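Open the model in your viewer and keep the selection panel at hand.

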Amino acid sequence: MINAAMESMLESIATREDDLVELTRDLIRFPTVNPPGEAYTPCAEFVGDRLAKTGFDIEYVRGEGEPGDTDRYPRTNVVARREGKRPGACVHFNSHIDVVEAGDGWTVDPFEGVGRDGRVYGRGACDMKGGLAASIIAVEAFIRANADFPGAIEISGTVDEESGGFGGGAHLARKGYFSKPRVDHVIIPEPLNKDRVCLGHRGVWWAEIETKGEQAHGSMPFLGDCAVRHMGALLAAFEEKLFPALDAKQTRMPVVPEGARRSTLNINSIHGGQTDDYTGLPSPNVPDSCRLTIDRRFLIEEEIGEVKGEVLAILEELKATRPEFDYAIRDLMEVMPLMTEKDAPVASAVAHGIQAVFDREPDYVISPGTYDQKHIARLGHLYDCVAYGPGILDLAHRPDECVGIADMVQSAQVMALALGELLSAPR
Ligand SMILES: [Zn+2]
């Protein structure tokens, strides 16, 4: 239930709509495109300078030695912390400041921060500078209304989420920034919609499979052994056995969109024979190698060993039955599936905020793809984490990306209420 003090805090967030819009536009104007990691430092400093004015201690942590970190493109993260008046829990809002390239098809300048029709447009408006701005406004309003709050509040702006988060969330997690006792609860304002709590994500296994052959003159292919044909046999076996098996796997994870509420496999790339960067005619060759990369997304009900085993069984069967079939397989990446329970403190605090602001129960969702929660869990060993923020995921990474202004205001209200509940709960 909302009391009068909370009501006036929500009102003060609503009256700061212009500030929220300006802040979002300012953030979009830093073209923090990744790769290569442009304008990270000025964007991080902008966030740090803003929060310093509300009494936050500001720390800049460079992802030194991480992929992409150079003096020209330093991986600059900002971590802001404000101590409360007495001991208590720490609530951390983590946003990534990097964005993907603008691409074509825009009707507005992607880095100008155009506001029109109740929305702010720009690369990163939705994913996720609108969420970062909403969390800053939420925290500022909360502190103004609760000067003697207990515990601590943190806001971070991290880099490289779009390329795996190694110089950002993972780097900080490895250094203890996302572990107890420093932090207790984490909210990641990714664009999962203002009335939904995102509890986690499916697991990921990326692998490269190579089929082998023997080179020969293309006019006499029978003298060699075509690696691309072997790969064709593998793909046929995938179609016949693997895809139907994956389609049939049910999950209790509420993944959105619903099509992703099962196991999936994408064939990410295939390369065989001569590369396509030549300009003339190809020479006639039987390819001796063909490489395939797969992107397998799996469920909380599946073990990683079983996920790999399904693919290995098909490869082994081909090896046993198809003449000359030989292969190699190499893991490229593994991320375990994650699902915070609905009754975890951070999930229920956000749910109560949604109930208060929208007068309805939240939807609980799981993201089809991963985000920085994986590093907080695996490296920080902190599991009280959800994603919650304004914006519609479908608009992310697209031309004319935008975020609704009313959505940002309402999510800021939800975040402020959740913050209040988490800080006032016994630790
Ligand atoms: Zn994002």
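The stops below begin with the overall fold and end at a single sheet.

**Whole chain.** Bear in mind that this is a predicted model. Show the cartoon: the chain has 10 helices and 16 strands. The radius of gyration is 24 Å, close to the 22 Å that the globule rule gives for 427 residues, so the chain is as compact as a globular protein of that length. Turn to the principal axes: the C-alpha atoms fill a box of roughly 85 × 45 × 40 Å. Colour by burial next: 48% of the 427 residues are buried. Now consider contacts with a separation of 6 or more: 80% of them join residues 24 or more positions apart.

Select 114-116 for strand E4 and 402-404 for strand E16. Together they form an open sheet of three strands in the order E4-E5-E16, with antiparallel pairing. E4 and E16 stand at the edges with a single partner strand each, so one side of each has no neighbour in the sheet. From one strand to the next, the twist averages 20°.

Which residue in E5 is the bridge partner of Gly-115? Pick Val-120 to see that partner.

**The helices on the sheet.** Select 125-145, helix H4, which lies across E5 and E16. H4 runs at about 45° to E16. Then select 405-424, helix H10, which packs on the sheet and touches E5 and E16. The direction of H10 makes about 60° with that of E16.

Technical notes
Residues are numbered from 1 along each chain as its sequence is written. This is a predicted model: local features need pLDDT of at least 70, side-chain atom pairs count only at pLDDT 80 or more; totals for chains, interfaces and linings use all residues. Helices (H or I, at least four residues) and strands (E, at least two) are DSSP runs, numbered from the N terminus. The radius of gyration is taken over C-alpha atoms; the globule rule is 2.2 Å times the number of residues to the power 0.38. A residue is buried if 20 or more other C-beta atoms lie within 10 Å of its own, exposed if 12 or fewer, and partly exposed in between; C-beta atoms are placed from the backbone. Two residues are in contact if their C-beta atoms, placed from the backbone, lie within 7 Å. Two strands pair if DSSP finds at least two bridges between them. Axes are lines fitted to C-alpha atoms, for helices over the stretch in contact, and angles run from 0 to 180 degrees between N-to-C directions.
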